[in-house]
Amino acid sequence: MDKITTLLFDFDGTLLDTNELIIQTFQTVLNAHYPGRFEREDILPFLGPTLKETFDSIDPAKSEELINEYRTWNLANHDAFASEFDGVSDTLVQLKNAGFKMAIVSTKRNDTIMKGLKLMPAGNVFDTIVGLDDVKHPKPHPEPLLLAMERLNSTPQETLMIGDNIHDILGGKNAGVRTAGVAWSAKGEKFIREQEPDFVLQHISDLLSITAGVEA
C-alpha cells in the first residue's frame with residue numbers, strides 16, 4: 001500500500017459539528033410547510049445529500065422555495081449551533097506540520113463552508129476547498145474528489161477520504177481512494193461501519209497513527 005500523503009475531509013458532521021444546526025433547520029422549514037409530518041428520526045437521512053436532492057424527494061414543485069428558506073434560517077443561526085468536534089484543530093495542525101496535503105470536499109456551498117471554517121482555530125490549514133459550486137456532480141460521484149486530487153497533484157493511491165456519511169465513503173470508493181468513516185456520525189457507528197470504510201475513527205487523532213502507517 002502506498003503511503004498516505006493526501007487527506008480529503010468532508011466538513012459538516014466530520015470536522016464541524018453542525019448536526020443539531022442541520023436538524024433544527026430542517027425541522028423549522030418542514031414543520032412550517034408539513035406540520036407533524038417529519039419527526040427528528042425522519043430528518044437523519046437528510047444529513048449528507050445535497051439540499052436539492054433532499055427537497056426534490058419531498059416536494060419537487062416547492063424545492064427551490066424550501067432550499068431558500070433552509071439557507072436563510074441556517075445562516076442566521078449557524079454560529080449559535082456550530083462548533084468543531086473534539087480535538088479537530090489540534091489534530092489538523094499536527095497533520096499540516098507533518099507535511100500532509102489537505103482539502104475539504106463537501107456537498108455544501110463554498111460560502112457556507114467558509115462560514116464554518118471561521119469558527120475553527122485551524123480553519124486555514126487546508127490547501128484547497130471543493131464545494132458544491134465547483135462541480136456538476138456532488139458526492140458520491142467521484143468528480144469532487146478527483147478535482148481535489150488534481151488541485152493537490154495527488155494520486156488516488158496516496159489519498160484518504162474522511163467522512164461521516166455514505167456519500168463520503170461511496171464517493172471515496174468511486175474515486176479509487178482509501179476511506180475512513182467517523183464513529184461520531186449522527187447516524188451512529190454501526191451505520192458508518194456498514195459502509196465498509198478502510199478505517200473507522202473513534203477520535204480525529206486516530207488519523208495520526210493511520211497516516212503513520214499503523215492502523216488504529
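Guide: Start with β6, helix α8 (residues 166-175) and β7, which make a right-handed β-α-β unit. Right-handed means that, with the strands pointing away from the viewer, the path from the first strand over the helix to the second runs clockwise. Helices (H or I, at least four residues) and strands (E, at least two) are DSSP runs, numbered from the N terminus.

Visitor: Where does this model come from, and what gets counted?

Guide: This is a predicted model, where local features need pLDDT of at least 70, side-chain atom pairs count only at pLDDT 80 or more, and totals for chains, interfaces and linings use all residues. Residues are numbered from 1 along each chain as its sequence is written, and side-chain values use heavy atoms, with hydrogens and water left out.

Visitor: Back to β6 and β7. How many bridges join them?

Guide: Four, in the parallel sense. Leu-160 has Arg-178 of β7 as its bridge partner. Two strands count as paired if DSSP finds at least two bridges between them.

Visitor: Is β6 buried or exposed?

Guide: Mostly covered: five of its five residues are buried. Buried means under 20% relative accessible area, exposed over 50%, and partly exposed in between (1.4 Å probe, protein chains only). Thr-159, Met-161 and Gly-163 sit on one side of β6, Leu-160 and Ile-162 on the other.

Visitor: What's the strand order in the whole sheet?

Guide: It is an open sheet of six strands, ordered β5-β4-β1-β6-β7-β8, with parallel pairing. The edge strands are β5 (128-130) and β8 (199-201), and each pairs on one side only. The twist averages 25 degrees from one strand to the next. Angles run from 0 to 180 degrees between N-to-C directions, with axes fitted to C-alpha atoms, for helices over the stretch in contact.

Visitor: What holds strands together in general?

Guide: Strands of a sheet pair through backbone hydrogen bonds, either parallel or antiparallel.

Visitor: What does β4 pair with?

Guide: β4 and β1 pair over four parallel bridges. Thr-6 has Lys-101 as its partner in β4. Strand β4 (residues 101-105) also pairs with β5, over three parallel bridges.

Visitor: New topic. Which residues of α5 are buried?

Guide: Val-88, Ser-89, Thr-91, Leu-92 and Leu-95. They share a side of α5 because they cover an arc of only 160 degrees around the axis. The arc is that of the directions from the helix axis to the C-beta atoms. On the other side of α5, Asp-90 and Asn-97 are exposed.

Visitor: What covers the buried ones?

Guide: The cover for α5 includes β1, β3 (83-84), β4 and α10. Just after α5, Gly-99 takes a positive phi of about 95 degrees.

Visitor: And the core?

Guide: The largest nonpolar core has 31 residues. A nonpolar core is a set of buried Ala, Val, Leu, Ile, Met, Phe, Trp, Tyr and Cys residues joined through side-chain atoms within 4.5 Å. Leu-7, Leu-92 and Met-102 are among those with the most contacts inside it. α5 gives the most to this core, with three residues. Apart from it lies another core, of 16 residues, including Ile-22 and Leu-66.

Visitor: Last one. Which residues of α3 are buried?

Guide: In helix α3 (residues 51-58), Leu-51, Thr-54, Phe-55 and Ile-58 are buried. Their arc is only 85 degrees around the axis, so they lie on the same side of α3. Their cover includes α1 (19-33) and α4 (63-81).

How values were computed: Contact means heavy atoms within 4.5 Å.
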